[in-house]
Amino acid sequence: MIRFLRNLIVHDFWLKLFSLALAILIWLTVWFARGKGISPVAALSSRDPEETFHNLPVYVRLPASDVRYVEVNPNVVQVTVQAKPALLSELRSSDIRAEVDLTGIASARNLRKRIDVVVPPGVRYTSLVPDEVEVIVPPKD
């Protein structure tokens, strides 16, 4: 019995000590954050300012060999982005692209597709209204 208890403590001692130290560090971090009234989610979210861009056109992504008229409804969206103030002040609406990927679709009526938002490095989009569009893809001639 004594041998079992000694092995329980001594076997992999440094790994157990490291795990204990890491657990104490995590516990102290949470304890101090709660004591200051900081939400763990708020600590992870960015405090960078946001800006909303209205009436951005929705672009359709098709293969280069596929030339045809595709109807998108609605054809404009509203995108809210977040970035550092210096980067946000230089950002123009032409730097943000709202795209619908239609590669591999031969034809469709009343197809609902999600919109992909492409933003420059250092910028992230926080909301998109609407987040999907209705697409009408005529058959190839």
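Buried means under 20% relative accessible area, exposed means over 50%, and partly exposed lies in between (1.4 Å probe, protein chains only). This is a predicted model, where local features need pLDDT of at least 70, side-chain atom pairs count only at pLDDT 80 or more, and totals for chains, interfaces and linings use all residues. Residues are numbered from 1 along each chain as its sequence is written, and side-chain values use heavy atoms, with hydrogens and water left out.

**Whole chain**

Show the chain as a cartoon. There are 4 helices and 8 strands. Helices (H or I, at least four residues) and strands (E, at least two) are DSSP runs, numbered from the N terminus. Trace the order along the sequence: α-α-α-β-β-β-α-β-β-β-β-β.

Now orient the view along the principal axes. The C-alpha atoms fill a box of roughly 85 × 40 × 25 Å. The radius of gyration is 26 Å, whereas a compact globule of 141 residues would have one near 14 Å. That radius is taken over C-alpha atoms, and the globule rule is 2.2 Å times the number of residues to the power 0.38.

The chain exposes about 10,600 Å², with 60% supplied by carbon and sulfur atoms. The areas come from the Shrake-Rupley method with a 1.4 Å probe; for residues, only the protein chains shown count as cover.

Next, contacts (heavy atoms within 4.5 Å). Take those between residues at least 6 apart in sequence: 66% of them join residues at least 24 apart.

Select residues 2-10. This is helix H1; of its 9 residues, the number buried is 0, so the helix lies largely in the open.

Step on to aspartate 12, in the loop between H1 and H2. Its phi is positive, about 55 degrees, although it is not a glycine. Most residues other than glycine have a negative phi, and most peptide bonds are trans. Aspartate 12 counts as partly exposed, at 44% relative accessibility.

**Aromatic pairs**

How many aromatic pairs does the structure hold? It holds 2. Rings of Phe, Tyr and Trp (its six-membered ring) pair if their centres lie within 6.5 Å; planes under 30 degrees apart count as stacked, over 60 as edge-to-face and the rest as tilted.

Select phenylalanine 13 and tryptophan 14. Their ring centres are 5.2 Å apart and their planes stand at 70 degrees, so the pair is edge-to-face. Phenylalanine 13 is partly exposed at 36% relative accessibility. Tryptophan 14 is exposed at 67%.

Now select tryptophan 27 and tryptophan 31. This pair is stacked, with 6.1 Å centre to centre and 10 degrees between the planes. Both sit in helix H2 (residues 13-35), 4 residues apart, which is about one helical turn. Tryptophan 27 is exposed, with a relative accessible area of 54%.

**Strand E1**

Go to asparagine 55, in strand E1 (residues 50-61). Asparagine 55 has a positive phi of about 55 degrees and is not a glycine. Its relative accessible area is 58%, so asparagine 55 is exposed.

**Cis peptide bonds**

Which kind of peptide bond joins asparagine 73 and proline 74, cis or trans? The bond is cis, with omega about -5 degrees. Proline 74 lies in the loop between strand E2 (71-73) and strand E3 (76-82).

Finish at valine 129 and proline 130. The peptide bond from valine 129 to proline 130 is cis, with omega near -15 degrees. Look for proline 130 in the loop between strand E7 (124-129) and strand E8 (132-137).
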